[in-house]
Amino acid sequence: MAMPANAPVHDLGSLRIDDHHRSSSGWGKRLAIFFGLLVILGGLSGAVFTFWNSKPVVEVAVVQKSTNNGGREALLNASGYVTPRRRATIAAKITGRVTGVFFDEGTHVSEGQLLSTLDDSDARKALDSAKADYAASKAAIADLEVQLKNARIQFHRAEQLQNAGVQTQEQLDNARTASDSLQAKIALAQSQVISSEARIQQAQQAVDNCTIRSPYSGIVVSKDAQVGEMVSPNSAGGGITRTGIATIVDMNSNEIEVDVNESYISRVQPGQPVTAILDAYPDWEIPSRVRTIIPSADRQKATVKVRVSFLKLDPRILPDMGIKVTFLGAEEKRQAGADAAVILIPQSAVHDENGRKIVFLVKDDKTERRAVTLGGNRGSDTQVIAGVTAGDTLVVKGPGNLRDGQSVEVKK
């Protein structure tokens, strides 16, 4: 088709971009890259600053002295808990609803003391029924004995008439049968009386089972049921039924249970003197003695369980309290000027720095590097001859890159 003479002509060359315009647009890209790198560098600097100024969390322990009682050498240190030999959760022998609870936590109870009662209405009805059956059986015996007395009179009369030839043999046999039958009925009734007595004892036992009493003297440490709850000797699904009424501990049976590393169990002997210190009373040394070494090892922890008895019990000693013990050696004479107390610290607090032994103290939330001179090891602890004193706070667990004067946060 022919174009009009005055139609505009499109010049596509006018859309071309010159080279100098293209080169000028690269400055925007360079500025974007520059600012992007600047932001990344700032973020990295902030992260490094935050990491550098963060306080590492450390675990600490206070240095304490270990006393050689009576000149005895401390052979081994261990930690454990106070455990009673007699601890029982008191439960009912039957399933029932609690109607009374007569104790609370901390109550001192004596052997045979009433702790709780269950609903015994059904058991008492069964007891009343058994007593009624017993009374009926006794009354039946009395009636049968009267009938037997009359039957024997008739039998004796029939026997005399038979001998006189007045009465037939059949009548005599009937009289004898009646007498023997009554004797058998009396024997049956007597058996029923014995059975009724047994049912009375059974029903009485069911009534007695509705009362829960303490099996021994002790202290109630847990109240496990309330009035209106169901209790049962067997566990029921859903957590609706209780299986216990109370937990009683015999405080006179408290002892110490510790796990000793099997590598050091040769240092422990039955009857060996022990010094115990409760975590709750760090200044109170309790004289004790090894009661027994359990003849079995724990393969998971590589330890042997040792039970230690207190030489004298105290009301401050409570079950499940944390306690530290020191196994003592044979009594020996102390040299003149020798100190009976030594300083022991955990081996985990000691670091090796170019052949020298150092520890880190914590003062005002900052570490202080301290060189120490060590003695022999005692279990998980080591003796310090010089470098620290009792009362110093040591880092026992923390990062491996601790440095002198570093700010730290003590783990609570």
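A: Happy to: we will start with the hairpin, move to the rings, and then visit the sheets and helices elsewhere.

Please keep in mind that this is a predicted model.

Let's begin with strand β13, which covers residues 273-278. Six of its six residues are buried, so β13 is largely enclosed by the rest of the structure. As background, side chains in a regular strand alternate between the two faces of the sheet. In β13, Pro273, Thr275 and Ile277 point one way, while Val274, Ala276 and Leu278 point the other way. Residues of both sets are buried.

The partner of β13 is strand β14, residues 285-298. These two strands pair in the antiparallel sense over five bridges, and a hairpin of six residues joins them. If you want a place to start tracing the pairing, Pro273 stands opposite Arg289 in β14.

Now for the rings of Tyr281 and Trp284. The count of aromatic pairs comes to one. The ring centres of Tyr281 and Trp284 are 5.9 Å apart and the planes stand at 80°; planes over 60 degrees apart count as edge-to-face, so this pair is edge-to-face. Tyr281 has 31% relative accessibility and so counts as partly exposed. Trp284 has 18%, and because buried means under 20%, Trp284 counts as buried.

Arg316 lies over the face of Tyr281, 5.5 Å from the ring centre. Arg316 also lies over the face of Trp284, at 3.8 Å from that ring centre.

Another spot worth a look is Gly80, in strand β3 (residues 72-84). With a relative accessibility of 11%, Gly80 counts as buried. Gly80 and Gly322 are 242 residues apart along the chain, yet their C-alpha atoms are separated by 6.0 Å.

From here we can turn to the sheets. Strands of a sheet pair through backbone hydrogen bonds, either parallel or antiparallel. The pairing of β6 with β9 (residues 218-223) is antiparallel and runs over two bridges. Within that pairing, His108 stands opposite Ile219 in β9.

Arg97 has Met230 in β10 as its bridge partner.

Finally, a pair of helices. Two packed helices are described by the angle between their axes and the distance between the axes. Helix α3 (residues 121-164) packs with helix α4 (residues 169-208) at an angle of about 165°, and their axes are 7 Å apart. Angles over 145 degrees count as roughly antiparallel, so α3 is roughly antiparallel to α4. The crossing of α3 and α4 is left-handed.

Key:
Residues are numbered from 1 along each chain as its sequence is written. This is a predicted model: local features need pLDDT of at least 70, side-chain atom pairs count only at pLDDT 80 or more; totals for chains, interfaces and linings use all residues. Side-chain values use heavy atoms; hydrogens and water are left out. Rings of Phe, Tyr and Trp (its six-membered ring) pair if their centres lie within 6.5 Å; planes under 30 degrees apart count as stacked, over 60 as edge-to-face and the rest as tilted. Buried means under 20% relative accessible area, exposed over 50%, partly exposed in between (1.4 Å probe, protein chains only). A charge sits over a ring if NZ of Lys or CZ of Arg is within 6 Å of the ring centre and within 35 degrees of the ring normal. Two strands pair if DSSP finds at least two bridges between them. Helices (H or I, at least four residues) and strands (E, at least two) are DSSP runs, numbered from the N terminus. Axes are lines fitted to C-alpha atoms, for helices over the stretch in contact, and angles run from 0 to 180 degrees between N-to-C directions. Angles under 35 degrees count as roughly parallel, over 145 as roughly antiparallel, 65 to 115 as roughly perpendicular and the rest as oblique. A crossing is left-handed if the near helix is turned anticlockwise from the far one by less than a right angle, and right-handed if clockwise.
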